[in-house]
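Please read the briefing below alongside the coordinates.

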Amino acid sequence: MDAIRYLLILSAVLFTIGAAGVLLRRNALVIFMCIEIMLNAVNLTFIALSRQLQSLDGQIFVFMVMAVAAAEVAIGLGIIVSIFRHRATTDVDDVSLLKG
Amino acid sequence: MVAYAWLMLLFPLLGVLVNAFFGRRIGKRVVSWVACSAIGLSFLVALGVLVGVAGSKGIEQPLFTWIRAGNFRVEFSLLLDPLSALMAAVVTGVSFLIHIYSVGYMAEDPRYARYFTYLNLFVFAMLILVLANNYLMMYVGWEGVGLCSYLLIGFWFERKSAADAGKKAFIVNRVGDVGFALGIMLIFATFGTLQFSEVFRRAPGVLGPAVVTAITLLLFMGATGKSAQIPLYIWLPDAMEGPTPVSALIHAATMVTAGVYMVARNHVLFDMAPATMTVVASIGAATAFFAATMALVEKDLKRILAYSTISQLGYMFLAVGVGAYSAGMFHLTTHAFFKALLFLAAGSVMHALAGEINIMKLGGLREKLPTTYAVFAVGAAALAGVPLFSGFFSKDEILWRAFLRSPVLWLVGLVTALLTAVYIFRALFVTFWGKTRAEKKLWEHAHEAPAVMSVPMLILAVLAVVGGYIGLPRLSLVEGYLEPVLPAGHIAEAGALEWVLLAVSAVVALGGIALAYYLYVVRPEAPARLSRQYAPLYTLLSRKYYVDEFYMAVVVEPLRRVGRFIAELFDPQVVDGAVNGLARLAGVCGEGLGTLQTGRVRSYALSILVGVVIILGYFLLR
Amino acid sequence: MGISHMTATPLETVLFIIFGAVAIAGALSVILARQVVYSALGMLVNFVALAAMYIMLSAEFLGIAQLIVYAGAIVVLFLFALMLVGGRRPAEQGRLSPGFAAAGGALAVIFLAEIAYLVARMTGVAGARGTVTPEAIAQTGHIQLLGATLLLDYILPFELASVLLLVGIVGAVALARARRRSQEE
């Protein structure tokens with residue numbers, strides 16, 4: 001099997017695991033971790049294709065994703081902790097104020 | 001100085017901004033300093049420009065491109081020529097004096113800063129109107145002064161009459177403005193540009209007689225609204241509900257003359273439309289006459305002056321209507337001085353007597369208010385056209401030019417001159433002579449105005465006397481100054497005839513004064529007898545020819561009825577029905593769709609994944 | 001263009017497979033663990049395995065950054081948050097509605113199948129080849145090359161990313177302050 005195919009499949013598997021986690025788990029922290037895994041799966045794709053195309057542009061993207069992820073985690077975890085202080089839960093199904 | 005002409009606009013604008021945003025915090029002293037110095041500086045710039053553009057055909061000074069859409073382009077440019085410079089100098093000069101007067105007159109008013117904000121805004125808008133180099137900019141100024149007029153007439157809006165008067169002025173002006181706007185549109189449709197210089201340059205080649213008549217009539221319709229001519233004059237007497245300095249500034253000296261200025265500015269077009277010129281001159285003469293008759297029986301001092309203003313504006317239109325544009329501008333200038341003076345003096349009377357304005361409840365004020373009496377007398381003499389006062393020269397110039405066109409117009413003007421002398425000296429004698437009819441308490445408290453009010457009046461009094469000498473016949477500085485813009489036309493060499501006419505109008509003016517003296521001083525019971533004897537005529541005049549009632553019945557009532565029909569039937573049933581129906585529809589849809597929104601993050605994530613799967617499926621099957 | 005542009009020695013192939021397996025195992029333990037703290041540890045394993053793969057793909061700097069930012073900072077942040085919300089309890093009570101679970105699982109499987117099919121059908125990677133071969137990277141150094149690209153060609157996105165991080169800091173501080181105020185009340 002070619003290396004690029006292998007890497008793309010691997011990244012797809014990791015992404016699917018993350019997506020399944022988001023769907024099947026209710027703990028906000030775990031869902032958040034799954035989102036991180038999905039981001040990492042995409043990063044892997046970028047780096048693999050960057051290697052394939054012999055260009056650094058994809059890696060710049062990875063760099064940006066890391067910056068975004070860092071900011072996102074800081075804010076996201078702040079929000080989760082904040083919600084926990086108010087409602088003593090980290091279960092996303094308990095937080096449904098946006099219900100129409 | 002001409003290069004800095006834009007400062008003329010900048011200073012009042014800064015005054016507006018400072019007083020609008022900080023006026024309530026910085027205290028009355030600072031507010032008045034800001035407002036007065038803004039106009040004062042503006043006046044200095046205007047004087048510089050007045051000197052700077054002498055003899056020039058006009059300079060266009062572009063400031064920035066205002067509108068650019070396709071090949072439609074409007075520059076925000078100043079047109080600096082003798083005509084606009086003269087007008088700007090008159091506007092800023094008179095405004096400056098009235099600003100200072102207002103410091104005293106409005107001293108006790110709780111909305112002091114707002115008053116000066118409006119006043120500065122008015123000067124700013126008026127200068128835009130005057131300095132515009134294209135119709136659109138002029139229209140902005142035109143509407144701007146209309147807005148300020150509305151705001152200031154209704155300044156004491158707690159009084160229902162003031163609020164109503166403001167509305168009336170605004171709506172009546174709107175009627176005229178429609179004509180003005182249509183005229184501008186027609187000009188744009190014909191020329192494809194709105195710039196004065198372009199329009200005037202191309203006009204002789206492009207315009208047919210029908211189009212130019214239509215354009216000028218529409219423009220003149222705007223002028224009848226703003227300058228209170230028949231049939232749209234009815235707002236001006238009511239506008240006296242505003243503070244008196246406002247009446248002096250806006251409703252006598254400056255804004256109402258905008259129509260005259262506009263016609264003079266467009267003289268190239270008007271000269272090409274003789275039919276319109278006839279209309280303008282006739283309406284001017286008719287307005288002058290009818291307004292003067294109404295002033296004869298009015299009892300409210302300010303309203304007398306208001307009718308007098310309408311009448312004098314009629315003179316100006318008579319002048320431009322017979323092609324004597326510079327004579328019209330000359331009378332505009334002298335009128336600005338003496339009419340502002342008369343209003344300020346009336347304001348001084350009100351100030352002294354706690355707002356009393358009915359001349360039948362005044363009288364004998366000569367001894368209590370000597371300064372006010374003196375300046376009022378000077379203003380009245382100028383207005384009546386007593387020889388050697390300013391009004392004499394400018395009015396005579398108009399009558400002389402009218403005579404050349406048509407002796408009938410001259411005769412109407414002459415009779416009006418007689419009536420003018422009678423009504424203004426009636427006001428003078430009844431207010432200041434004889435024994436007082438004022439309430440005792442008011443009478444005892446009557447006092448001369450403070451210096452801040454009397455000094456501007458004295459300056460205006462001097463101007464009202466000497467203002468005429470800039471336009472002496474045969475020496476005419478005004479005509480010479482305006483010559484580059486307003487060609488004087490060839491006046492028939494008349495020599496002796498002109499002097500004869502001069503003498504006739506002098507005799508008429510003095511005769512009018514004598515008549516007033518006889519009627520109101522020598523035989524004070526005579527007017528009452530006369531009014532009984534000619535009761536129908538008296539009633540007709542004192543009810544102002546029933547014009548207000550006529551408009552009420554013919555225009556306002558039907559509109560009201562339509563409005564009521566719409567409000568009571570059409571609106572609730574049809575409009576509201578449609579709106580409510582749509583709202584209900586949206587509500588039903590929303591309830592249906594709302595069940596999709598569970599509020600649970602995971603179900604949203606699920607739908608995202610569904611979308612992703614479908615998109616991927618599309619790529620698979622492609 | 002050859003699909004097998006990337007050549008790998010047998011040792012590399014074996015390492016790829018091992019790290020890939022570790023990454024999958026880590027990811028699976030994130031979603032399968034009963035307690036959140038084990039999920040966090042699984043995530044750590046996943047991140048480290050990916051860092052190793054980055055380095056093998058000659059993106060050394062990103063590999064190191066992965067270790068520092070993800071495996072270091074982000075995992076620690078998660079553990080802190082976990083500490084604040086009480087990590088000893090089971091992650092969640094009650095059961096998922098079976099319908100939703102089935103739908104979610106099925107969708108995930110379909111998604112994976114679709115991607116796998118697309119990848120299998122793929123005949124090549126479109127796009128122009130650049131000049132940054134693994135040899136060039138080995139010669140000049142990954143950090144220099146990435147830095148030059150970042151600060152010459154992508155300076156604006158770089159600056160924007162720094163603004164984004166600043167906003168993140170401000171946001172985190174704001175959340176923390178709001179919490180303190182609501183406690184005081």
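The notes that follow take the interfaces, then chain C, then the backbone of chain B.

This is a predicted model, in which local features need pLDDT of at least 70 and side-chain atom pairs count only at pLDDT 80 or more, while totals for chains, interfaces and linings use all residues. Residues are numbered from 1 along each chain as its sequence is written, chains are lettered from A and ligands numbered from 1 in the order in which they are written, and side-chain values use heavy atoms, with hydrogens and water left out.

**Chain C with chain A**

- Contact, meaning heavy atoms within 4.5 Å, links 91 residues of chain C to 67 residues of chain A.
- The area buried between chain C and chain A is about 7200 Å², with 74% of it given by carbon and sulfur atoms; buried area is the accessible area (1.4 Å probe) that two parts lose on being put together, summed over both.
- Between chain C and chain A there are zero salt bridges, a salt bridge being a side-chain nitrogen of Lys or Arg within 4 Å of a carboxyl oxygen of Asp or Glu.
- The count of residue pairs in polar contact between chain C and chain A, both residues at pLDDT 80 or more, is 12; a polar contact is a pair of N or O atoms within 3.5 Å, where within protein one must be able to donate a hydrogen and the other to accept it, and residues adjacent in sequence count only if both atoms are side-chain atoms.
- Two or more residues of the side of chain C that touches chain A come from each of helix H1 (10-32), helix H2 (36-56), helix H3 (60-85), helix H4 (98-121), helix H6 (142-153) and helix H7 (155-184) of chain C.
- Helices (H or I, at least four residues) and strands (E, at least two) are DSSP runs, numbered from the N terminus.
- That side of chain C divides into 63 nonpolar, 22 polar and six charged residues, where Ala, Val, Leu, Ile, Met, Phe, Trp, Tyr, Cys and Pro count as nonpolar, Asp, Glu, Lys and Arg as charged, and the others, Gly among them, as polar.

**Chain A with chain B**

- Here 13 residues of chain A are in contact with 10 residues of chain B.
- Chain A and chain B bury about 980 Å² between them, with 59% of it on carbon and sulfur atoms.
- Helix H1 (residues 3-24) of chain A gives the most to the side of chain A that touches chain B, with three residues.
- By class, this side of chain A has seven nonpolar, two polar and four charged residues.

**Chain C on its own**

- Chain C has seven helices and zero strands.
- Of the 185 residues in chain C, 33% are buried, which stands for under 20% relative accessible area, with exposed over 50% and partly exposed in between (1.4 Å probe, protein chains only).
- Among contacts in chain C with a separation of 6 or more, 61% join residues 24 or more positions apart.

**Backbone of chain B**

- Most residues other than glycine have a negative phi, and most peptide bonds are trans.
- B:Ile230 and B:Pro231 are joined by a cis peptide bond with omega of about 5°, and B:Pro231 lies in the loop between helix H7 (209-226) and helix H8 (235-238) of chain B.
- B:Ala228, which is not a glycine, has a positive phi of about 55°; B:Ala228 sits in the loop between H7 and H8 of chain B and counts as buried at 0% relative accessibility.
- B:Leu388 has a positive phi near 80°, is found in the loop between helix H16 (370-384) and helix H17 (390-405) of chain B, and is exposed with a relative accessible area of 54%.
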